[in-house]
Each structure stands twice: as C-alpha cells, then as structure tokens.
Amino acid sequence: MTGRYPFRYGLQTLVIPTPGKYGLPTDERLLPQALKEAGYRTVMVGKWHLGHADRKFWPRQRGFDYHYGAVLGEIDYFTHASSGVRDWYRDNKPVKEEGYVTQLLGRDAVARIMEHDPKVPLFLYLAFTAPHAPYQAPKAYLDRYKHIEDPTRRAYAAMISSMDDEIGKVVAALEKKKMRDNTLIVFMSDNGGNVSAMFSGDADVSKLKLPADNGPYRGGKGMLYEGGNRVAALANWPGRIKPGEVTGMMHVVDMFPTLAALAGADAKKGKPLDGVDVWPMLSAGKPSPRTEIVYNVEPFRAGLRQGDWKLVWRTLLPSALELYNIAQDPSEKTNLADQNPQRVAELQKRIETLARESAKSL
C-alpha cells in the first residue's frame, strides 16, 4: 500500500492486535490514492488489517472508493466475527449475512467487475483471509480431501481450493466483460506459511499440528528466515508478460512504483519510496534493479540481504549473528559469519543506519 518498509512508519513489530488502537499513519500516501488521482476506480474486497479502532484508518478513508470485508486481521469464516464481535462491512456500514468468507469475497469481487464501466480503469485489491487460522471450510471442500488424515491439514487444503475456485471466477468475470486482455493480475501471499503457534493470531492453535509447509526454506511467518518471507507470487497479462519464471530480487514495496508507472500515476508525490519499478524484470525477464532487501529492522532483531549475502542479527542477549549465501544456500543451513567478519561488519553498519532512520514502533 505504501511502497515503503514498515519500519519507516512504526509497523515493524508484529501485526496490529485486536485491542490495538493504532493504525497505518494517515500521513502515508497509499497506492489507491495515487491510482484514484490517475483516474482509476479503486475497489477493495477482503481483509484490511492496517488499523481498525478509528475509522480514519479504514479503507474508504485511505483512497478506496469501495470496501467490502473485514477490517481486522482474522475472523471466523462462518460467523464473520472476531472474539464474538462481528467484523463485516460494506462501505463502512456493518453487514449481517450468511456465508463462507472466501466465497463471499469472491462473489463480491465478481459483482464489482460485472457492474464496472470498462471505459474507466479499475484497480481491484482482493485480499482473501484464507488460509489464515481458524482452519475452517465448507463440507463440500472438506470432502474433496477425505484422503488427508490430519483434520487441520485437510481443512487447510480445502480452504486453498475454495480460494482457487473464487480466483477462477474473478478471471472468468474479466473475460466476460472483455477486460481480461487489458488487465494485469498479480497474485501473492502476504507471508510464508505459519509454523509457530506464537504467530497464529487470535485463534488457539496450540493443540493443532500446524498445516503449512515452506518446502526447502527455513522457518515461517513472523521469522526473518526465507520460509517467512519468500512467498508464492505470479503476474499475468496476456501479450504483455512473457510466460516463464523470473528469479531476480523483488519485495512487495516494489508494487507501488511498478503499478503506479504502468497506470500513469505519480509515485513521487508522497514520502520517499523504498520500492523500485520492477516492470522490465516482470515483463521481459531483464535483471532486477533491486540489489538489497530489508527483511525487517526492529530494536531486538534485523534481517538484511545485499546481493547474495544475508545477515540475520538478533541483538537480545545472548546476541547472535548469522550470515548466509542465499544463492548457494537458500535453506540457510550454513552460518558463514565467522569466516566473513568483513561482510558481517558491512551489513551490520547498514542495519545501524536503517535503525537510526526508523520510526518508533507503534
């Protein structure tokens, strides 16, 4: 939304908890604001989680013409409630309706496309809550995965299949409206799969075997290792993006300048961006303009990658320094810090500079 790393505006430590009164500061200029100024209709369907306690933080107040869904980070998929309080809105007004959250979000996204005037450019931000806990799915989807013995893993698979089906309906709606060939679709996960009950949110998962699997990557959600940060992503635009795989470095902050440039929007009007325009890499496989990724900078830990080298620095006592060559060791198995003191010192110096630039954590 900002094109800027969370440590710039105080959201670097965990997510906004349900009792939290703070939100994404209102002096940050968001992508929907920039696109709206460029003539786009800006539509958001799904989970917001960038501030809920005060309406000034809500999507309609931050550049979206329309919002349907939840403002918190996690809700029950059938009751649409968090801690017994319903969190389900359309354009700031509470909505009471039946249905499974994933299907309701897909249905609404389709409706927004079908009612849209194709002469007006459209920015649709569709943020599913799936497959976040609690692990719930309709019986028809659970039945598809009867062969999976573990009930949590079965529900997780069912949740993802339901989301897949809804995305299919969104693509079909674009085709039906003859908008598909002029639409860039970007899909991404917001974090690696969760492998720790500590990062699960409000749902009690302490007695469950967590269902996510991050393959060869170490760790998961909430951690500085690749398993928490390197996620599934794709970009698709018929005739404009060559099919294939691009492996250059890219961070979600790059979305703002990349999409703004494609849309003819002004990306430089707000605060300085950390993002860079990665369109030549995405569309034509050119080298990434990005040479550095900041995983996070907090008072007690930081993660930074420059080129192939990545430093994970825990400053709490006993402190720890871990240096990995990500190109050769993407699983982060071999700590090379002792053999490369100069490299460690350079990355530490850069982290210290970023830490001094950081906003105080909200």
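Is F64 buried or exposed? F64 is buried, with a relative accessible area of 1%. Buried means under 20% relative accessible area, exposed over 50%, and partly exposed in between (1.4 Å probe, protein chains only).

This is a predicted model: local features need pLDDT of at least 70, side-chain atom pairs count only at pLDDT 80 or more, and totals for chains, interfaces and linings use all residues. Residues are numbered from 1 along each chain as its sequence is written, and side-chain values use heavy atoms, with hydrogens and water left out.

**Aromatic pairs**

The whole structure holds ten aromatic pairs. Rings of Phe, Tyr and Trp (its six-membered ring) pair if their centres lie within 6.5 Å; planes under 30 degrees apart count as stacked, over 60 as edge-to-face and the rest as tilted. Two of the stacked pairs are tabulated.

| Pair | Centre distance | Plane angle |
|---|---|---|
| Y5 and F7 | 5.8 Å | 15 degrees |
| F64 and Y125 | 6.2 Å | 20 degrees |

Y5 and F7 are both buried. Y125 is partly exposed, at 28% relative accessible area. W48, F64, F123 and Y125 form one aromatic cluster.

**H49**

H49 is buried, with a relative accessible area of 15%. Its side chain reaches the backbone oxygen of I16 at 2.8 Å, a polar contact (N or O atoms within 3.5 Å; within protein, one must be able to donate a hydrogen and the other to accept it, and residues adjacent in sequence count only if both atoms are side-chain atoms).

**R154**

R154 is partly exposed, at 23% relative accessibility. A polar atom of the R154 side chain lies 2.8 Å from the backbone oxygen of I148.
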